Structure formats: structure tokens, C-alpha cells
Amino acid sequence: MMRTMRQIRAVLQINMNSLRQRLWLAVSGSAAIALVVFVLLGSLALSNGFEQSMRNAGAADVAMVLREGADAEINSSLDRDVQVGLAGAPGVAYAGGDALVSPEMYAVIDAIKNSGVKANLALRGVTPVAWKLRSGIRMVAGRMAQPGTNEIVVGESVAREFRGFAVGSKLQLHGAPWMVVGVFSTGGSVFESELWADLHVIQQLLGQGDAVQSVRVRLAGPGALTQLQAYVKGNPTFHLGVRSERAFYADESRASSDLITFLGKPLALIMALGALAGALNTMYGAIAERTREMATLRVIGYGRLPALAGTLIESLLLAAAGALVGMLLAYVVFNRMSSSMLGPNFSTVVFRLALNPEQLMQGARWALMIGLLGGLFPAISAVRRPLAASLAE
Amino acid sequence: MNELTFVRKSLLRKKLRFALLYMVALVAFSLFGLLMSVQSFMSGGSQAGTNERLIVANSINITRPIPYRYVSEIRTLPGVAEASELSWFGGYYREPRNFLVSYAVDPTRLLRLYPELLLTDAQKARFIAERTGMLVGSATAAKFGWKEGQHVTLSSSIFTSTNGAHNWDFVISGIFANDKRGGDEQSLYFHYDYFNDTRTMGRDEIGTIAVSLSSQGSGDQVAHAIDEHFATTGDATVTMSESQFSRAFMAQFGNVAVAVTMIVGAGLVTMLLVVGNTLMMNVRARTREIAVLKALGFSSVRIVRLVGAEAIGLSLSGALGGLLLASGLLAILRSNPTFSSLVMTPGVIVLGVLTALALGTLSAAGPVLHALHIDVAAGLGREGT
């Protein structure tokens, strides 16, 4: 056992010393692996960042009421009767005698990104209750909008990524003049990609009567959601769907992050095939150059295992170097990078890419897999060569 | 033995090594073909729409409705040949994930607006006559196994029917192919009147209007006239050519160009490194052989040609294989309605071949220089491996 270990170390040393001769071939093999890791982590960071921004928006103790069958706020419409009916529903929490029920209008408008591209932006019509149903919401610049006026507050991401939404900016909306009076933050959720204005003013402006797109309800406690769902079901004129806000945003994010993975994973897989070919090429090149050295070692009594292990370990080390470079590069480039995407409501969602340790490990696993396969076949073919033939080379 | 045979034989001498190099080139160029096509699709480079038709939408945003009467008003404007509502239905079949590109339209005018939809006169007549009639693109029909004359029930993620559900019943009057390569074969069209009479909300409101022009090249003028006409009404419009419209839509999905350039660049650089270094190793191993050629009186030009051709041949054949593979992958992607007009343009193919030539030349540089510097006497003395 000890002897085998010693032999492996000796073989490895020979391999590493000869590395200098084919340095560039080795570097190219490692670089190919680094690029696979980079692309894989890029797509993972994208889908993870988007999911996080959606997940942050959903609270477990808030119920989300939409028209039955509507999978997004933009597709839903609730009339006055429903809104009144929900205000007195069981399971609703109260604060200071008022029901915590927030009717909200949702529309999409055209806006211009900093890059000059026209993009859809979400406009939410709210009452003061809306502020009580988002935990962690706070103003980071300016002040809150006065109810009943043409004042507008914008999410942090909107102020950062779009033109003309700094505090004090004036804008035209449907022929009416508006003024941006504040910027709010919700700690990285999808709401930061929205404009908020007074519900009734917006309803009038868009000619929507008193219909809203959604009603959010603060739940009184555990079991309140079931109570509310039963109440809604018991009223045949309602035609409503009730979910927790958390479940709603989880459903919404799934389709989009699935799409990213659907596009990103095959791309990384194709690149991995290329990198595998590169790794095999490196290792076949390496063993071709030292066929005679290895045969000589065998003749003086080295076993097959050390030769095999030496090649395999070398390949894994090269892959690990590639993985490290790829992970580092991906972390520097992608983590916290701001990006935007069209969300399920047909409006732009601005979010930050995020890499977590688990995803970094996934990148490393791919790299080591390539290294393993890339070293295994050359190593096997090397030790299976007849000694006499190798020595004659 | 002519030079070509010589090049081929030396490339294929180590079959495994050649296969691996070819694989690397194949991957680099299939990524190139795939991603460059996607990018040109996103930037509206491929024909997602024709310049002759215009699309009218609400100026606030495409999701806001416009009044139905705008259609008849637009038809009276000078320069307009035909106009029909193209009202987004938000349809799906059975499950929301089977989402459909589906519009409520005026049947007669739609057929006049879209002559590229290939249908028989009998199919057209049936579509116009049947109130619940529907035209279905051949790709969508094939996906769900629909046949002509079949009754299908479609759901809407937006609208509610007067029957209280979100469903509408249709009968398939015709299945169309498209006269244009990469043209639309996904969409569904049905009667606006039938839809409007049976929906509970948004009556007499439509999404967009398609407009054709009476004379070519007057698009900007007519678009301006339409927007001018509705400028002072409650719902101002924004009018664009079909291609501008799809380009503006695609641009929202984000800056694809940067990602594409990064990935394609990465793939090509890897290929350059791997191929260049391996060929260098090959040439080193063949030092004696090249010295023999020199001793036989081969000119430097010929040596350059023999060694260089290996690199360029490898890169070119990899490019051809890779682009072919990419066009196969694009065909798979086209089964998704969003990517129905995703094709590899001739521009991408030409760029691919040029890139292959450039990369081949670059990766040949090292080996060629080495070959030229081989000293005949020293080279002959060396052992060949």
C-alpha cells in the first residue's frame, strides 16, 4: 500500500515536471473547462436572481385575490361588489378598526431604459393600505405621494435603470402631468420595478371605472387563508381565486426561471462536450509524449495502478484549476450584476444576479466530471499498451 | 500523391486526435451558428415581419386597449389599403403552458391583409362563413394533432365568456402554411364578432390593428397620419411597421448581444488554443518528415501550403459541420411559438466561414513558422515519433 502511494507520487512528479513542455496545451484544456463553468454559473445566477426577487415579494400572511383562472395580475379584473365583499370577509386582519384590505390596479406603460431601449413598466394604483401589506418597505429618497394627487413614487430599480424617474422629474401619462416625489425600497423584491400612484386617480385616468386587478388581504392568523377561501367559494357570484401571496409569486417565477434554465443548461452542456474533447486531447497528448518513460517505470517494477492514477490525478488537477478560474470569474462578473427581464405580467422586472455556494459547487462538479472523463480514457489506454511496443517507440 | 491527399493523410494519421480536434471545432461553430442566429432574430434581422404592413397600438402600452371604431376610421384614411383588428386573446389549449398566439380578427379583411397564408378558396370561404370558424397555423395544428373540421375548445387567460367559464368553442376551417420562409405558421385567427358578443368584459375594445398600404414605401407617412388622427382623442396610438414592432418587443427581453458575443468569443478562443497547440505538437513530432520533404527539394511555399492547409481544412470542415448542426438545433427551437421565425440567415453562414478561415490561418501560424525554421541536417538526425 505504502509502496503504491510512493509510486503514484513519483509518477505524478514526472507528469508535473513534464507539464512545462506542453504548458500551452494544458492551459488550453483548463481554459475550456473554465469557460464551461463560467457559462453554466451565468445561467444559474440569472435564474436564481430572478427567483429571489419574486420570492422576496411574496408574504405568507397576505392573501392574493384575483379573478378565477387568472395567473397574473394583468389578466385579472375585480369589480366593486367583489371589493366590498372582501372588506367584510372572515379571516381579514384589522388595524385600528380598519380592515387591512388593499385593492390594487395594475397596468403596464411604456418607458425608456437608460440604454435607450423602450420597455414595459408596471404602474400600480394603490391606497395607503398597500404600504401596510409590504414588509420592509421604506422611502429612500423624497417623500410619500399625497393621496388623491398626481404624485407618483417609484421603486429603487426604476429610478436606477430607467430614464426620467429621479425625484422631482415631471412626466406625461395619458395626457396628464405627473410628478415623481419619492423613491422607495422593499429590500430587493419585484415591487421595486414598479411605479406607485393613487388608485382612484389612476382608475379615472385610464377609464377603468372602479375595477381593480387584485385585492391583497392581511390574514388574521393561521387558518385564516382557508377561512377566506371557503367564504369566496361559498359565494357563487364572485368567481375568485385566492392564494397566499407567497404561493402566487412562487408560481409566477417558476415559468420564467424554467425558461432560463431551458436555454442556459443545453448551452453549457454543448460547451462541456467541447471542453471534454479538449481535455481528452490534452491528456492523450500528454501520455503520447511519455509512453516510453511510463514503460520504463513499469519495467523497473512500478505497477499499473500508479501509472493510471498519475494520469487521472493530473487531469483532475488541470480541471480543478479550470474550475477555480471559472468560478472566480463568474463570481466577479455575475454576482450582484443588475439585469432585467420581461416578467409574467408583461412588465420589466429588474433584479440582481445572485450566486450561492450550492451553485458554485455545481460548477465545480461539472468541471471535475469533465476532468475525470478526460483523464480516465487516456489513462486506461496508456496502461493497456504492451510494454514491448511502448519501449520500441 | 497530390498535396490534398498528403494533407488529408497527415490529418487523419492520428484518427483519435483528429476526431477530438474536430469535436472542439464542431462545438465552437455550432455555438456560433446557434447564438448568432438568435441574436439576429432578437435584433429583428431575420424577417419577423414585412415592411409593407403597419401595426397600430395604444400609445401608453401595447397591453392597453383601443376602441373598435378605430378600425373603420383608419380604413378611411388616405394611403390605407385595408385594416383589421388583431386583438390578442391570450389563448391556451387545456393547460396554460400550451399557450397559443391567438387573435380575434375580421375574417374577410384578414385574408386580404395576409395573402402569404396559403389556403384554398374552399377553406377561405368556410372560414368567412362559419361564425365559430378558426384558421390554424400548420405548426400548431401538427403540435396538437388537430385536423380540419375538428371542434376544439380554447381557454383565455384574460377573458371570461358569457357562459361563465373562460372557454370558447371553435371549429377549424382551415390549416395554413406560409408562403414565406420562416414566416408565421403558429398563429390562430378567429371571428372578432363571435368573440366580442360572447365576452363579459372589454366589449368593443381591441388590442392592435393591422394595416396594409395602398402604395409601397409610404409606411412612415401613413403611420404618422394615423397617429396624428388619434392624437387628440382619449386613446392616442403608436403605429409601427411589423418588423419595428417585433424588434421593439424582442429588445425588452434584455441585452442579448453582450451575452452572445461573450459565449461565442469564449468558444472560438478555446478552439484556437486547443487546435493551435495540438497542431504545433503534431508538427514538432513530424520534424524529421518535414526535413525529408525539404531535402527532396520542396519549396518553402509548398511547405507552408502543406502545413497551413491542415489547420485551415480542419477549421473549415469544423465550421461546416457546426453550422449544419446549429441549423438542426434551430429547427428544434422553432417548435416553440416564440421562436417560430428563428432561422440561420445567409449572413451568419458567410460570417461563420470567414471566421473559420481567419481562425484556421491563426492556428496555422505557429506550426508553419516552426516548419519553416526546421534545419534539414538537424531534422534528419532527429528520431521521428
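These notebook entries record what I looked up in a predicted model with chains A and B.

**Entry 1: the contact between the chains**

I began with the place where chain A and chain B meet. The contact draws 49 residues from chain A and 46 residues from chain B. I then looked up the area, since the size of an interface is often given as the accessible area lost when the parts come together. About 4,000 Å² is buried between chain B and chain A, and carbon and sulfur atoms give 66% of that area.

Which elements of chain B give two or more residues to the side that touches chain A? I noted α2 (15-42), α9 (242-251), α10 (256-285) and α12 (300-333) of chain B. Of the elements on this side, α2(B) gives the most, with 11 residues. Sorted by class, the side of chain B that touches chain A has 27 nonpolar, 15 polar and 4 charged residues.

I next looked up the pairings across the contact. Between chain B and chain A I recorded 11 residue pairs in polar contact, both residues being at pLDDT 80 or more. The count of salt bridges between chain B and chain A is 0.

**Entry 2: A:Thr311**

A:Thr311 lies in helix α10 of chain A. Is A:Thr311 buried or exposed? Its relative accessible area is 4%, so A:Thr311 is buried, the limit for that word being under 20%.

The side chain of A:Thr311 reaches the backbone oxygen of A:Ala307 at 3.1 Å. I also listed its contacts, leaving aside neighbours within four places in sequence: A:Asn15, A:Met283, A:Ile287, A:Arg290, A:Gly375 and A:Ala379.

**Entry 3: two arginines with positive phi**

I then looked up backbone angles. Most residues other than glycine have a negative phi. A:Arg336 is not a glycine, yet I found a positive phi of about 70° for this residue. Where is A:Arg336 placed? I located A:Arg336 in the loop between α10 (304-334) and β13 (338-342) of chain A. Because its relative accessibility is 54%, A:Arg336 counts as exposed, a word that requires over 50%.

In chain B I noted B:Arg94, whose phi is near 65°, again a positive value in a residue other than glycine. B:Arg94 sits in the loop between β4 (91-92) and β5 (102-105) of chain B. With a relative accessible area of 66%, B:Arg94 is exposed.

Note on methods: Residues numbered from 1 in each chain as written. Chains lettered and ligands numbered in written order. Heavy atoms only, no water. Helix = DSSP H or I, 4+ residues; strand = E, 2+ residues; numbered from the N terminus. Buried < 20%, exposed > 50% of the residue type's maximum accessible area, 1.4 Å probe, protein only. Contact = heavy atoms within 4.5 Å. Buried area = accessible area lost by both parts, 1.4 Å probe. Salt bridge = Lys/Arg side-chain N within 4 Å of Asp/Glu carboxyl O. Polar contact = N/O pair within 3.5 Å; in protein donor to acceptor, adjacent residues only side chain to side chain. Nonpolar A, V, L, I, M, F, W, Y, C, P; charged D, E, K, R; others polar.
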